[in-house]
Amino acid sequence: MTAVPQERRVVTAIPGPKSQELQARRNATVAAGVGSVLPVFTTRAGGGIIEDVDGNRLIDFGSGIAVTSVGASAEAVVRRASAQLAEFTHSCFMVTPYEGYVEVCEALAELTPGDHAKKSALFNSGAEAVENAVKIARAYTKRQAVVVFDHGYHGRTNLTMALTSKNMPYKNGFGPFAPEVYRVPVAYGYRWPSGPENAGAEASAQAIDMINKQIGADNVAAIIIEPVLGEGGFIEPAKGFLPAVAQFAKDNGIVFVADEIQSGFCRTGQWFACENEGIVPDLITTAKGIAGGLPLSAVTGRAEIMDAAHSGGLGGTYGGNPVACAGALGSIETMKELDLNAKARRIEEIMKARLTAIQEKYDIVGDVRGRGAMIAVELVKPGGKDPNPEATAALAKACHSVGLLVLTCGTYGNVLRFLPPLVIGEDLLNEGLDLLEQAFAGV
Ligand code: PLZ
């Protein structure tokens, strides 16, 4: 394997002719429901670069949706996963177990917040982890209701579609959805009517009132929240909101679940985003960044809650696959060795300075927010706060055409989000921000 040169290079239109050929083949055999942000076909990736079949090299501000935090070909991930591949690919942990699975659970117990006894169960995808967190919380509390939040995203399976807030594209036409799921307000500071300084207290009071009046706290098994909301628009719940909701859960015997699938594993400059306000969740769901690109997810939490499900009640053929576990151990090793929490905080410093300068120049930038290497700008119509999805799409397109891969998100499709690999070089990061600034000048 050769390392990808860490420099941007645009040698064809993007997508180029070879990507377009592959896209035609893809259109003939791949279901239309599976989309792609940018149909350039990848051949190599690593550090802060994605290389395509036409020889273009894109600066990566997406990390495959917050997955390749250590890079897409991190040395320790490749080394450990390759070694594991040569030993055995699979035995099924439910048939004959192996050490790698246990080692990942040990690492999760060490890294997640709180010094209580912890246990984990491993799965394949984020959605599967969230589903299992609900199963575990229901088994433990012997209650059924699940509370989620406006703008929340938890996956595409049936239960997690129900937990997800946004209709298009995630839910439209795919119902009926799972019952006993209730949605309450979140403290979206930028859009809170009485201002961000009141959002934490007011939104938590509203959420708690709705739970008490509409569901009954005694019926609630779990409250599930992303400590920084991802697909919903990189919304950091206003200060005070998470502690108030977590305390309410504690007072009422409700399992508090932090969905850290997007925000976890150094992405926000801490191992887990909930640490920012000192929250210790009962259960925490992780995926994405955990394994450097290999499919792995986990539910980790208080041992007595995790043990509530009977033997055989949790699992799946591939959950905690040995190659994925080896990848996770390589990814965690890299995060520790390179101090990727510090790197994420440095990325925030660089990005926020540049984005705030852009905000001063362009009145379509309503808000600059996020933490660590999970940073976004919310775009609005000039002179107000009406969402501006048109400008968002145009900016993303302009970035793509010059070789900067950016993603969008947000309930209103008006948020440009930046999720660079935490190992990206500062020269590439700055070059990407230059290109973004030029895109603003053009749009
Ligand atoms: N919970 C907080 O961010 C995945 C999915 C984008 P899976 N987010 C990206 C898309 O269009 O499908 C995610 C998340 C949070 C759960 C999930 C689901 O994780 O691994 O995609 O199932």
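Guide: What follows looks at one loop and then widens to other places in the chain and to the protein as a whole. This is a predicted model, in which local features need pLDDT of at least 70 and side-chain atom pairs count only at pLDDT 80 or more, while totals for chains, interfaces and linings use all residues. Residues are numbered from 1 along each chain as its sequence is written, and side-chain values use heavy atoms, with hydrogens and water left out.

Helices (H or I, at least four residues) and strands (E, at least two) are here DSSP runs, numbered from the N terminus. Thr164 has a relative accessible area of 1% and is therefore classed as buried, a word that stands for under 20% relative accessible area, with exposed meaning over 50% and partly exposed in between (1.4 Å probe, protein chains only). When neighbours within four places in sequence are left aside, Thr164 is in contact with Gly152, Tyr153, His154 and Gly155, and also with Tyr170, Lys171 and Arg183; contact means heavy atoms within 4.5 Å. The loop between helix 6 and strand 6 also holds Pro176, and the peptide bond joining Gly175 and Pro176 is cis, with omega at about 5 degrees.

That bond leads to other backbone details of the model. Most residues other than glycine have a negative phi, and most peptide bonds are trans. A cis bond is also found from Ile14 to Pro15, where omega is near 0 degrees, and Pro15 belongs to the segment that comes before helix 1 (17–29). As for phi, Ser63 is not a glycine and yet has a positive value of about 50 degrees; Ser63 lies in helix 2, residues 63–66, and counts as buried because its relative accessibility is 0%. Phe234, likewise a residue other than glycine, has a positive phi near 50 degrees. Its place is the loop between strand 7 (220–225) and helix 8 (241–251), and with a relative accessible area of 0% Phe234 is buried.

His116 sits in the loop between helix 4 (99–111) and strand 4 (118–123), and its relative accessibility of 22% is why it counts as partly exposed. Not counting residues up to four places away in sequence, His116 touches Val280 and Arg302; from His116 to Arg302 the separation is 186 residues in sequence but 6.7 Å in space, C-alpha to C-alpha. His400, found in helix 12 (residues 389–401), is buried at a relative accessible area of 9%. Leaving aside neighbours within four places in sequence, the contacts of His400 are Ile14, Val37, Leu38, Leu405 and Val406. Glu110 and Asn27 are 83 residues apart in sequence, and their C-alpha atoms are 45 Å apart in space.

On the scale of the whole protein there are 13 helices and 15 strands. Following an automatic or database domain assignment, the protein is divided into domain 1, made of 17–73 and 339–442, and domain 2, which covers 77–337. The C-alpha centres of these two domains lie 25 Å apart, and 43 residues of domain 1 are in contact with 36 residues of domain 2. Among contacts in the protein with a separation of 6 or more, 73% are made by residues 24 or more positions apart.

For 443 residues, a compact globule would have a radius of gyration near 22 Å, and the 21 Å of the protein agrees with this; the radius is taken over C-alpha atoms, and the globule rule is 2.2 Å times the number of residues to the power 0.38. Along the principal axes, the C-alpha atoms fill a box of roughly 60 × 60 × 45 Å. Buried residues make up 55% of the 443 residues, so Thr164, with its relative accessible area of 1%, belongs to that buried share.
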